[in-house]
Amino acid sequence: MRTKIFLFVVATFLTIHVFCQTVTDIDGNVYNKVIIGTQVWLGSNLKTITFNDGSPIPNVTVDSVWINLTTPAYSYYNNDSTTFNATYGGLYNWYAVTTYKICPTGWHVPTDADWVTLIGYLGGESVAGTKLREAGTSHWMSPNYATNESEFTALPGGFREFAGGEFVGINYEADFWTSTIAYPTTAWGYNILYFTATVYRVSHSWTNGLSIRCVCDTLTSNINDYELIKEIDIYPNPAVDKITIDAVGKQNQNFYIYSIDGKLILQGVLYNNKQELDISTLKKGMYIIIFSCNDRTLQKKIIKE
């Protein structure tokens, strides 16, 4: 029997959550969201020059001042916002990270554990680099054997050194902060280089200037009002071998199927308004399917018999 499922926001264990496909920071910079496993990441480096409470982040351009800072600051590579900001974002010291208000509300600078989860999902440190880097040589040096299959799109924005305040690594490496202390005066960061598949965990001085890639506090975000979002036809449900997704006008959208414990099981693209999906290899039980719908991401359950 064909069963229609209607998307409502309801207060149950399997609450249907909705969140926009983009997030805007306090300065009006707009970032795409990228779902990788059970995490949601910003799809580009942080560009804000204002903390989310409205207070400004100091822009420090003088090398001798930068290397002696014990307070939050940011800079652009070579102190050139015109050339570097739009593509690579800002470079922030770790004192800016530890304010815990540099990311948009509902997001945070990833912990070391967040990065471990990301890298583990992509197969481990020895292979994750090619899956995280933007493909091609528009920004990265050659050779860059990257696939960017995660859609994280890491870019080689370089960093600012603590020793002399110099800028190094543009087109060569991407360097990202975590919020986790490594040793006194250092914190963990992750480096991605153009010539290797490996992602390196590195202890950085608090006065280094690195890129920041924020991660969402939760996979999905609650909304307060109970709203009928959109009727989407998935049938049969429950199903044994195959389901059909009938989503008029929603072709060319990514979809993701997760187990109830948050593990990504299957993903693909809705190429047609009505598409048949083989779920014969799934174990019996309940799954969550997440897919894009205009400027929102919708989530609902599937039962495999």
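These entries record what I looked up in the predicted model shown above.

**Ground rules.** I number residues from 1 along each chain as its sequence is written, and I leave hydrogens and water out, so that side-chain values use heavy atoms.

**Overall counts.** I find five helices and 21 strands in the protein, where helices (H or I, at least four residues) and strands (E, at least two) are DSSP runs numbered from the N terminus. Of the 305 residues, 51% count as buried; buried means under 20% relative accessible area, exposed over 50%, and partly exposed in between, with a 1.4 Å probe and protein chains only. For contacts (heavy atoms within 4.5 Å) with a separation of 6 or more, I note that residues 24 or more positions apart account for 59%.

**Cores.** I next looked up the nonpolar cores, each a set of buried Ala, Val, Leu, Ile, Met, Phe, Trp, Tyr and Cys residues joined through side-chain atoms within 4.5 Å. The largest has 32 residues, and those with the most contacts inside it are Leu 46, Tyr 92, Ile 102, Trp 107 and Ile 212. Among the elements that each supply at least two residues of this core are strand 4 (30-36), helix 3 (94-97) and strand 20 (285-293), and the largest share, four residues, comes from helix 3. Leaving aside neighbours within four places in sequence, Ile 212 is in contact with residues including Leu 46, Tyr 92, Ile 102 and Phe 176. A second, separate core of 19 residues includes Leu 122, Ala 154, Tyr 190 and Ile 192.

**Helix 4.** In helix 4 (residues 112-121) I list Asp 112, Asp 114, Trp 115, Leu 118 and Ile 119 as buried. They lie on the same side of the helix because they cover an arc of only 155 degrees around the axis, the arc being that of the directions from the helix axis to the C-beta atoms. Gly 123, which follows helix 4, has a positive phi near 105 degrees.

**The sheet 11-12-13.** I then turned to an open sheet of three strands, with the order 11-12-13 and antiparallel pairing; two strands pair if DSSP finds at least two bridges between them. Strand 11 (173-183) and strand 13 (199-205) are the edge strands. Seven bridges join strand 11 to strand 12, and seven join strand 12 (residues 186-193) to strand 13. Within strand 12, Asn 191 stands opposite Asp 175 and also opposite Tyr 200 in strand 13. The hairpin of strands 11 and 12 has two residues between them, and Thr 185 in the turn has a positive phi of about 75 degrees, while the hairpin from strand 12 to strand 13 runs through five residues.

Which faces of strand 12 are covered? Both are, with Thr 186, Trp 188, Tyr 190 and Ile 192 buried on one side and Ala 187, Gly 189, Asn 191 and Leu 193 on the other.

**Val 199.** This residue of strand 13 has a relative accessible area of 0%. Leaving aside its neighbours within four places in sequence, I find Val 199 in contact with Ile 119, Ala 128, Leu 132 and Tyr 190, among others. Val 199 and Thr 130 are 69 residues apart in sequence and 8.8 Å apart in space, C-alpha to C-alpha.

Key: Predicted model: local features only at pLDDT ≥ 70, side-chain atom pairs only at ≥ 80, totals over all residues.
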